[in-house]
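Take a look at the fold below. Start with the overall picture, then follow the helix pairs.

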Amino acid sequence: MRVLGRVGRILGWAAAYVLGLAALVFAGAWVWWQPAPQARGTEANALWARHQWVGEPHSDAEYRALGKLLKENRITDVFFHAGPFEADGTVPEAKYRYARQLLAAVHEYAPGVRAQAYLGQIRMVDGKGVIDLDDPAVRARVLGTDAVLLDLGFDGIHYDFEPIYPDDRAFLALMDATRELTRSKGKLVSVALEQQTLLDAGQPIYKALLPRTGKFHYPPRPTQDFLRAVADRADQVAIMTYDVSLPTRSLAGWHFARHTRTTLELIGDRTTVFMGVPTYRPLMDWAEDLPGALRGVRRGIDDLKRPPRRPYGVGVYADWTTSPAEWSRYRAIWLPRATGSFGG
């Protein structure tokens, strides 16, 4: 009985310690969150847009409304979903049959806004997935598809392959080839990536203990070296900072602030950066929303010692989940007060 009592006391003290530590974390985050950010947003901003824009017909009024929305919210780049890739690296022409009409409308009603073809697929890893980027023939067909879409009039190619692990040499080879293609045509290549890993030193542990597939898997997040390598090959990098899954607004805001600061410090001089912010309903929607994400991004900008040399802003995910009220909050919280032009 004495042993059981001693064990009970030890467990009680351990539980009290953990609860006390959690209370300190929550309280510290809440105190940190209270000061209003000083930094304003920027005029280099992106938007992920639904597939229907290229796959279905639209009226002139709908195109006009799209152009008005892009100009009003100072969107410089729109990633119009034009895929996904088939397993062989192609995209059937029927999937983007209305792309020419869309591109003509964007050029007419939102001149200066870059319309990029948003393309991706589930990357095959350890025999699971759809597209095998390790196969040179598949990568060659991906490039052929890119060339067709660029010749249609898209201003760039926006990749979103998932998962991408920080030792993915085939993905870097694809980025090299794509940049060569886009530069030859005077176009852009951009890419969406997961947020950085919290600790690069943990990568060997993840690789040793966790598989890359299944419910509990090694998280596919870029290390500093890998993110720099991608940034050196891309004109723009969009960080998918959302899906925070933290239980309070202050902790979620800290997440956006931390990743904004660390990402801009790491690659903000190398490439244009868009920090992804959500308008859909995430898992913990009481803690993570558009106003909180934008406030967190601004707090991260406040923490920079100097602004990056390249343009930076936010990427709104996504056009099909953003209400007029959210666009209004975006303008109030994020956009600079002075009108100007700032693209990348």
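This is a predicted model: local features need pLDDT of at least 70, side-chain atom pairs count only at pLDDT 80 or more; totals for chains, interfaces and linings use all residues.

Residues are numbered from 1 along each chain as its sequence is written, and side-chain values use heavy atoms, with hydrogens and water left out.

The protein has 11 helices and eight strands. These are DSSP runs, numbered from the N terminus: helices are H or I with at least four residues, strands are E with at least two. Of its 344 residues, 51% are buried, meaning under 20% relative accessible area with a 1.4 Å probe, protein chains only. The accessible surface is about 16100 Å², by the Shrake-Rupley method with a 1.4 Å probe. Carbon and sulfur atoms hold 58% of that surface. Among contacts (heavy atoms within 4.5 Å) with a separation of 6 or more, 82% join residues 24 or more positions apart.

Now to the helix pairs. Helix α5 (residues 136-152) packs on helix α6 (residues 169-184) at an angle of about 30 degrees, with the axes 10 Å apart. Axes are lines fitted to C-alpha atoms over the stretch in contact, and angles run from 0 to 180 degrees between N-to-C directions. The angle makes α5 roughly parallel to α6, a label for angles under 35 degrees. Their crossing is right-handed: the near helix is turned clockwise from the far one by less than a right angle.

Which residues of α5 and α6 meet? From α5 come R139, V142, L143, D146, A147 and L150. From α6 come A170, A173, L174, A177, T178, L181 and T182. This contact divides into nine nonpolar, two polar and two charged residues. Here Ala, Val, Leu, Ile, Met, Phe, Trp, Tyr, Cys and Pro count as nonpolar, Asp, Glu, Lys and Arg as charged, and the others, Gly among them, as polar. An α-helix has 3.6 residues a turn, so residues three or four places apart point the same way.

The second pair is α8 (residues 224-231) and α9 (residues 249-267). Their axes come within 10 Å and cross at roughly 60 degrees. Q224, L227, R228 and A231 in α8 meet T263, L266 and I267 in α9. The contact holds four nonpolar, two polar and one charged residue.

Within α8, F226, L227, A229, V230 and A231 are buried. Their cover includes α6, β5 (188-194), β6 (236-240) and α9.

Methods: Angles under 35 degrees count as roughly parallel, over 145 as roughly antiparallel, 65 to 115 as roughly perpendicular and the rest as oblique. Buried means under 20% relative accessible area, exposed over 50%, partly exposed in between (1.4 Å probe, protein chains only).
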